[in-house]
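Please open the model in a viewer and keep the selection tool at hand.

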Amino acid sequence: FYTITIAIMTQDKKISVAFVCLGNICRSPMAEAIFKHKVKTLGLSDRFNKIDSFGTGAYHVGDSPDFRSRETCEKHGVPVDHFAQQFKAKHFNEFDYVICMDESNLYNLNERIRSKTSTKNKARLFGEWNTGKKFNQIVDDPYYGGIDGFEYNFQQCSYFSEEFLKSEL
């Protein structure tokens, strides 16, 4: 009886997910939008407390996502509703998963974690959910490239989101 109660309690726990890139205008708001869309489409909204995205830098705080990020999402029927914000140390305790797009941002966040003693998790790469090795593990910054980079990011983030939902729920 005790084991069954624990399993039921664990299933009922809602989780929070944060996606992180450098400026929070290209990759992480795209990942957030895709992830939210997949959660809603699959009828899993009741399993999540919060889904958000952030930048490690404060370069674009308050800005809308890059127009190419928005256009790519909208082309695929994925709504985007976000304004850039910076990840702060307090956010470590607000999210069960802190998911970085690349190693540079992962390093920056894990350095902040090591300097805090009350954090409950550590940052991970989104590419950890690249189970079929269909894509590069790193979600590269498409900012200085063409629209093809945004499309590749969209496909990557879609796949990683699906694999996350399969393995973590």
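This is a predicted model: local features need pLDDT of at least 70, side-chain atom pairs count only at pLDDT 80 or more; totals for chains, interfaces and linings use all residues.

Select Glu 94 first: this residue is partly exposed, at a relative accessible area of 30%, where buried means under 20% relative accessible area, exposed over 50%, and partly exposed in between (1.4 Å probe, protein chains only). Helices (H or I, at least four residues) and strands (E, at least two) are DSSP runs, numbered from the N terminus. Lys 50 is likewise partly exposed, with 29% relative accessibility.

Residues are numbered from 1 along each chain as its sequence is written, and side-chain values use heavy atoms, with hydrogens and water left out.

**Further salt bridges**

The structure contains ten salt bridges. Side chains of opposite charge can pair when their charged atoms come close.

Select Glu 32 and Lys 36 next; their side chains form a salt bridge (2.8 Å, N to O). Both residues belong to helix α2 (residues 27-41), where they are four residues apart, about one turn of the helix.

Now move to Glu 151 and Lys 75, which are joined by a salt bridge of 2.9 Å, N to O. Because Glu 151 is in helix α5 (residues 147-168) and Lys 75 in helix α3, the pair ties together parts that are 76 residues apart in sequence. Lys 75 is exposed, with a relative accessible area of 59%.

To see a network of salt bridges, select Arg 27, Asp 102 and Asp 141 together.

**Aromatic rings**

Across the whole structure there are 16 aromatic pairs. Rings of Phe, Tyr and Trp (its six-membered ring) pair if their centres lie within 6.5 Å; planes under 30 degrees apart count as stacked, over 60 as edge-to-face and the rest as tilted.

Select Phe 54 and Phe 87: the ring centres are 5.4 Å apart and the planes stand at 90°, so this pair is edge-to-face. Phe 54 is in strand β2 and Phe 87 in the loop between α3 and β3, so the pair ties together parts 33 residues apart in sequence. Phe 54 and Phe 87 are both buried.

A cluster linked by ring pairs can be displayed as well; its members include Phe 19, Phe 35, Tyr 97, Trp 129 and Phe 164.

Next, select Arg 68 and Tyr 143. The charged end of Arg 68 sits over the ring of Tyr 143, 5.4 Å from the ring centre; this description requires NZ of Lys or CZ of Arg within 6 Å of the ring centre and within 35 degrees of the ring normal.

What does Gln 86 touch, not counting residues up to four places away in sequence? Its partners include Phe 54, Val 61, His 91 and Arg 112, a contact being heavy atoms within 4.5 Å. Gln 86 is in the loop between α3 and β3 and is partly exposed, at 21%.

Then select Glu 128, in the loop between β4 (124-125) and α5. Its C-alpha atom is 8.8 Å from that of Phe 164, a residue 36 places away along the chain.

**The whole chain**

Of its 169 residues, 47% count as buried. The mean pLDDT (the predictor's confidence in each residue, from 0 to 100) is 91, and 89% of the residues reach 70 or more. Over residues 1-10 the pLDDT is below 50, and this stretch has zero contacts in the model beyond near neighbours in sequence.

How values were computed. A salt bridge is a side-chain nitrogen of Lys or Arg within 4 Å of a carboxyl oxygen of Asp or Glu.
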